[in-house]
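Subject: Structure for you to look at, with notes

Dear colleague,

Here is the structure I promised to pass on, and my notes on it follow below. Please read them with the model open beside you.

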Amino acid sequence: MLCWPKLDDSANNIVAYVVSNGPVTMYRVARDLNLHFSHAYRKAKKLEDSGLLTSIGGPRASLYDATVRGLLYAYVAKLASREIILKKLREVLGLHLFSLEEVESFIKFFLTVANKEAPVGSLATMVSYILDKCGSDYTRCMANLGERDRVLASRVMAYGIIKLIHNFFGDSLVVATRAITPL
């Protein structure tokens, strides 16, 4: 299981707000959540340090958004709408061709395999981690999922493996069509 930071209510509210409305300035978050601005900025810095949020821009004019780790935390903690979280995960993981149900099945699969050191970021990283953890016993890793989730997660995994291979080899992969004879 991934290791999540212990957050108080105001930090959870900030994560929920950013997941639901991001990218957004911390000024807007503080105003809409009725938090003191310095408190909101301090919490945002801690959330950024823990990998749940990311900021773009200067210290006061930064736009904050949830990272993949932050979206997974919001999913597990049920901090925001399931649909919003899954749509954002679909976007950041590049899974535009997949339904929200397929994305959710993949996320469930990843979360059942992931331990506290699991890397969270790109689809290729997450798929690589799953393959490394499961090895040749891939079906055992999927045993905790229902039949529907196994099928849907497998579709995303297959796409992820193709992306992983493409990331590794790029467009230069050539498949030989003739046998090589020994000398």
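Are helix 6 and helix 9 roughly parallel or roughly perpendicular to each other? Before the answer, please note that this is a predicted model, in which local features need pLDDT of at least 70 and side-chain atom pairs count only at pLDDT 80 or more, while totals for chains, interfaces and linings use all residues. Residues are numbered from 1 along each chain as its sequence is written, and side-chain values use heavy atoms, with hydrogens and water left out.

Helix 6 and helix 9 pack at an angle of about 95°, with their axes 8 Å apart (axes are lines fitted to C-alpha atoms, for helices over the stretch in contact, and angles run from 0 to 180 degrees between N-to-C directions). The two helices are therefore roughly perpendicular to each other, since angles of 65 to 115 degrees count as such, those under 35 as roughly parallel, those over 145 as roughly antiparallel and the rest as oblique. Helices here are DSSP runs (H or I, at least four residues), numbered from the N terminus. The contact, meaning heavy atoms within 4.5 Å, is made on the helix 6 side by Glu101, Glu102, Ser105, Phe106, Lys108 and Phe109, and on the helix 9 side by residues including Arg148, Leu152 and Val156.

Leu152 of helix 9 counts as buried at 12% relative accessibility, where buried means under 20% relative accessible area, exposed over 50% and partly exposed in between (1.4 Å probe, protein chains only). Leu152 touches Glu101, Glu102 and Ser105, not counting residues up to four places away in sequence. Leu152 and Phe106 are 46 residues apart in sequence, yet 7.2 Å apart in space, C-alpha to C-alpha.

Helix 7 (residues 123-134) has end C-alpha atoms 16 Å apart, which agrees with the 16 Å that its twelve residues should span, the expected span being 1.5 Å times one less than the number of residues. Its buried residues, among them Leu123, Met126, Tyr129 and Cys134, pack against helix 4 (68-77), helix 6 (100-113), helix 8 (138-141) and helix 9 (147-169). Helix 7 is followed by Gly135, whose phi is positive, near 55°.

Finally, a search of the whole structure finds one disulfide (a pair of cysteine sulfur atoms within 2.5 Å), and this disulfide joins Cys134 to Cys141 with an S to S distance of 2.2 Å. The link is left-handed, with -125° about the S-S bond, and both Cys134 and Cys141 are buried.
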